[in-house]
Amino acid sequence: MKPFFEAIASGPLLFDGAMGSLLYERGVFLTRSYDELNLSQPAMVSAIHRDYLAAGADILETNTFGANRMALARHGFSDRVIDINRAAVAICREVAVDRAYVAGAVGPTGIPFAVATAAERTLAEQALGEQMTALAEAGVDLLVLETFSSIVELEMAIATARSVARGLPIVAQAVFDQSGRGDGGLDPAAVAHRLADAGADVVGANCGAGPPELYEVATHMTAAGKPVSIQPNAGLPSIIEGRTIYVANPEHFGVFARRLLKAGVKLVGGCCGTTPAHTRSMLGAVRMMSGGQLSGQRGPDQARALSDKVPAAPRTVPAAADDLADKSRLGARIAAGEFAVSVELSAPAGVDPSALDRQIATLVAGGIDIINIADGPRATCRTGNLATCVHAAGAGVEGILHVCCRDKNILGLVAHLLGAHALGIHNLVIITGDPPKMGDFPFATPVYDLDSIGLLEIAAGLNAGIDPAGKDIGGHTSFVLATGAEPAAQDYDRELLRLEKKRAAGAELIMTQPVYDPATLDRFLSDVLPMGIPVMVGLLPLASHRNAEFLHNEVPGMQIPAVYRERMAKVGSGPPARAEGIQIAREALAAVRDRVAGAYIMPPFGRVESALAILEAAGSRWQPAKHQTAEAPGSSTKVGKAP
């Protein structure tokens, strides 16, 4: 396995979840020492580690949270400190082998540090030093100092770890209250800076709160410039029939894992009340943000981005055999500087295409003849979007086929692309894809042999007449290669870096996620202008006040300005709200009309009339127009209007 710091640099890592909660669920009373179970019930502890490893955890924490002398004394085991910690490491290492890192878990001593005497603090320091020494000597890969409510005790623990466990990475996690404040009312940024100054390699938070609260904490802790680790509780505990139950849905955890990772957090996991189901729910987000790395099974070769694993995918993308204008109707309009419009429709959820046919007929009557068909959006089961695009072609509508990397390995993806071309589908938007945990079948296995950059390289190679192994395919494909972008991404610099890599991999068109903040979109369009890639701006008309609040608070990359949310609040829901949402979308499009190549409209709940309404009031302003072209670096091909 890679050294721990190299692994973090390669992509995010996934911690396991609660140990104590699962021991409790297995019938171990709260009055027992859970740490002593390493000696008396090793098989039970081992089984929990195995469950977390199977769920995809990259890091397994030893069952030693309370295995310091002062905490063990409450159960009469203060003389077994060394034995308990060594046994815990041995159990964890036997499960992890070389598939996961073993982290020595260290919790607080339990003394009230704020009012403790100097002598008591010295005893606490000695107790933690003794435990850390035992863990280090037993062979852990890192130390995790967690659930410390006292910043002073945590700073002392970091210094002690630096002294007795030299060379081991130190993760230091503080507890924050429901309002996002740490010990003494410290804000997250201040806590992060103090932990970094004390010598922590990774700073973070765990316990105390659920995902929404710790998401806010995480976004401020990144200010310290250290990797951030976040391990929330499964919500707040409830007492149900005498048992302590945490009721947060694992699905909820998966959504927030993605938000945390996009905010720049490097390590995610779970604390009290979380289970292997919560870990599995976070796995898809970790894989997606790591470019398809196989979490929980990283070997030296598996840890790199899988776009680098393709044996002979062209690193210098060859020139396409066809010009953009000759590839498709969409390509011709963009190359000519015409304003292109596409509307996203969903493939049928069953075998009846009649609803889709009605939507297509409405769009065609309104003058729109290009549609997008997503590839299993939000990991739901639907008719294949390739079949749907072919079906739509029968009505004279040109499809843009979304292709995601989630469901097929590299062989299947190449076959899918060649099949699409053979069936006359020449527009692709290539994305990494939503992980299965977001949909109705969270236990479906994601593939992610490639990320969107790797698949763009392959598609560009097919356009030049070669397959991923460099073999001639007896001709060439003629794909317009579009890619997605999030102008409001939390990690904006990373988004731009990946977008530049996508351009280098062959992307010819950017299709943005919906953007509501004019300043955010203005910044994005200015920043991508030097790339020379035309942009189709994403528009998602708001359907109601509730819809606006959900998108703003729950969907990563969505930032809806307060002024728009206030406008939606005034109209509430129903037809007035839909009309207001359409008006807001019109305003957003009007503000950037002369800077984009077109609009990519996503009508909510399949109401295609809203897409037409966004355009119809504008009249001639949306007719084809010529615009100045920015030339991509290193390119001699001009492609219509640049952003």
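## Charges over rings

The charged end of Arg-259 lies over the ring of Tyr-215, 4.1 Å from its centre. Arg-523 does likewise with Tyr-492, its charged end being 3.6 Å from the ring centre. A charge sits over a ring here if NZ of Lys or CZ of Arg is within 6 Å of the ring centre and within 35 degrees of the ring normal.

Residues are numbered from 1 along each chain as its sequence is written. In this predicted model, local features need pLDDT of at least 70 and side-chain atom pairs count only at pLDDT 80 or more, while totals for chains, interfaces and linings use all residues; side-chain values use heavy atoms, leaving out hydrogens and water.

## Aromatic pairs

Rings of Phe, Tyr and Trp (its six-membered ring) pair if their centres lie within 6.5 Å; planes under 30 degrees apart are stacked, over 60 edge-to-face, and the rest tilted. That rule gives three aromatic pairs. One of them joins Phe-4 and Tyr-101 edge-to-face, at 5.7 Å centre to centre with 85° between the planes. Since Phe-4 belongs to helix α1 (residues 4-10) and Tyr-101 to strand β3 (residues 101-106), the pair ties together parts 97 residues apart in sequence. Helices (H or I, at least four residues) and strands (E, at least two) are DSSP runs, numbered from the N terminus.

Ring pairs link Phe-4, Phe-5 and Tyr-101 into a cluster. Are Phe-4 and Tyr-101 buried or exposed? Phe-4 counts as buried at 5% relative accessibility, and Tyr-101 is buried with a relative accessible area of 6%. Buried means under 20% relative accessible area, exposed over 50%, and partly exposed in between (1.4 Å probe, protein chains only).

## The barrel

Eight strands, β11-β12-β13-β14-β15-β16-β17-β18, form a closed barrel with parallel pairing. Strands pair if DSSP finds at least two bridges between them. The pairing of β16 (residues 509-514) with β17 (residues 535-539) is parallel and has three bridges. Within β17, Gly-538 is the bridge partner of Pro-514.

## Helix α17

Which elements cover the buried residues of α17? They include β13, α16, β14, β15 (480-485) and α18 (492-505), with contact meaning heavy atoms within 4.5 Å. Twelve of the twelve residues of α17 are buried, so the helix is largely enclosed by the rest of the structure. Among them are Ser-452, Glu-457 and Asn-463. After α17 comes Gly-465, with a positive phi near 95°.
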